[in-house]
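I opened a new notebook page for this model. My plan was to go from the overall fold down to single residues.

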Amino acid sequence: LEQLQTDLPKVKAAALTVGWFGDDLRAGDCKIRPGIEQPDRSTVPFPWTVDGVERDDAYLISRTNEPPNYGGTPADQAVIEGIRALNAAGIAVTLSPFLFMDIPPGNGLSDPYGAAEQAAFPWRGRINVSRDKSASARSEIERFVGLDGDFGFRHFILHHARLARQAGGVEAILIGSEMVEMTRARDQNGRFPFAEALQSIAQEVRAIVGPAVKISYAADWTEYGAYAPSDSSGDVLFPLDDLWAEDAIDFIGVDWSPPASDWRY
């Protein structure tokens, strides 16, 4: 934070990204958990714990050769202190619960990147159902979303909403990002069950964080608007329209990474 303020003294807003880990590209089989880099590590001034999970019971992030393939999830107390420090510095916080994928061999990837014996790290936008336009699509999404407390997607988001409240509030919180295949998956009636679940989650987050905090979903730039399925139907669909119209949603969120300067120079 000190370095940020020294190098960029006019910064007034920052995204605080907190990573948890999914272990399967098959929506109905994917668990979302906080992860650690080392099973044995002493930390001060407080031990690592996330939502009641202590180091002995935490998900251990995969390794390739020796280093862990990701940095671990910060302790809840560290997230709370980080929010408070940013608020005290006059920097508006957007809290972004971020889903990394750490896939053991075989979990939805038969041959990950040509190396079946290694873990793989696909984009979370590839999590999907087994069959589009089916009753199974809805049931698989319901298992993925889960209930508060069972380490599915709903619990993942609501836990961070509770951290924001404990920290004294944030300017904004995201209820997910770039879940492209999931928001486009249809049930047997052509409805979009994950987009419906995001509406429900937004309402639950609102009840936790109160009216002052802005809430949105960070859609991929290819996802936020129209969707034309590659099924020869000729349909043009808008899976997220009801989410953007939801009263608990404050703005349309789009993840887009434009070049920072003109590449020709």
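How many helices and strands are there in the protein? I counted 7 helices and 10 strands. Helices (H or I, at least four residues) and strands (E, at least two) are DSSP runs, numbered from the N terminus.

**Ground rules.** I am working on a predicted model, where local features need pLDDT of at least 70, side-chain atom pairs count only at pLDDT 80 or more, and totals for chains, interfaces and linings use all residues. Residues are numbered from 1 along each chain as its sequence is written, and side-chain values use heavy atoms, with hydrogens and water left out.

**Overall dimensions.** I checked the radius of gyration, taken over C-alpha atoms, against the globule rule of 2.2 Å times the number of residues to the power 0.38. For 265 residues a compact globule would come out near 18 Å; the protein has 19 Å, which agrees. The C-alpha trace spans about 55 × 50 × 45 Å along its principal axes.

I call a residue buried under 20% relative accessible area, exposed over 50%, and partly exposed in between. By that cut-off, 46% of the 265 residues are buried.

**Contacts.** A contact means heavy atoms within 4.5 Å. Among contacts with a separation of 6 or more, 70% join residues 24 or more positions apart.

**Core.** A nonpolar core is a set of buried Ala, Val, Leu, Ile, Met, Phe, Trp, Tyr and Cys residues joined through side-chain atoms within 4.5 Å. The largest one has 64 residues, and Phe144, Phe153, Ile175 and Val205 touch the most other members. H6 gives the most to this core, with 9 residues. I then listed what Phe153 touches beyond four places in sequence: Ile32, Phe144, Val145, Ile175, Gly176, Met179, Phe194, Leu198 and Ile201.

**Helix H3.** Which residues of H3 (residues 135-145) are buried? I found Ala137, Glu140, Ile141, Phe144 and Val145. Seen down the axis of H3, they fall within an arc of 135°, so they line one face of the helix. The arc is that of the directions from the helix axis to the C-beta atoms. Their packing partners are strands S2 (32-33) and S7 (92-101), plus helices H4 (153-166), H5 (180-184) and H6 (193-209). Gly146 follows H3, with a positive phi near 65°.

**Glu178.** I found Glu178 in the loop between strand S8 (172-177) and H5. Is Glu178 buried or exposed? Glu178 is buried, at a relative accessible area of 14%. Its side chain makes a polar contact with the side chain of Arg124 at 3.2 Å. I take a polar contact as a pair of N or O atoms within 3.5 Å; within protein, one must be able to donate a hydrogen and the other to accept it, and residues adjacent in sequence count only if both atoms are side-chain atoms. Among the residues that Glu178 touches are Trp123, Tyr217, Asp220 and Asp255.

**Backbone exceptions.** Most residues other than glycine have a negative phi, and most peptide bonds are trans. I noted a cis bond joining Val44 and Pro45, with omega about 10°. Pro45 lies in the loop between S3 (35-36) and S4 (49-50). Asp51 has a positive phi, near 55°. Asp51 is partly exposed, at 27% relative accessibility. Ser232 has a positive phi too, near 65°. At 80% relative accessibility, Ser232 is exposed.

How values were computed: Buried means under 20% relative accessible area, exposed over 50%, partly exposed in between (1.4 Å probe, protein chains only).
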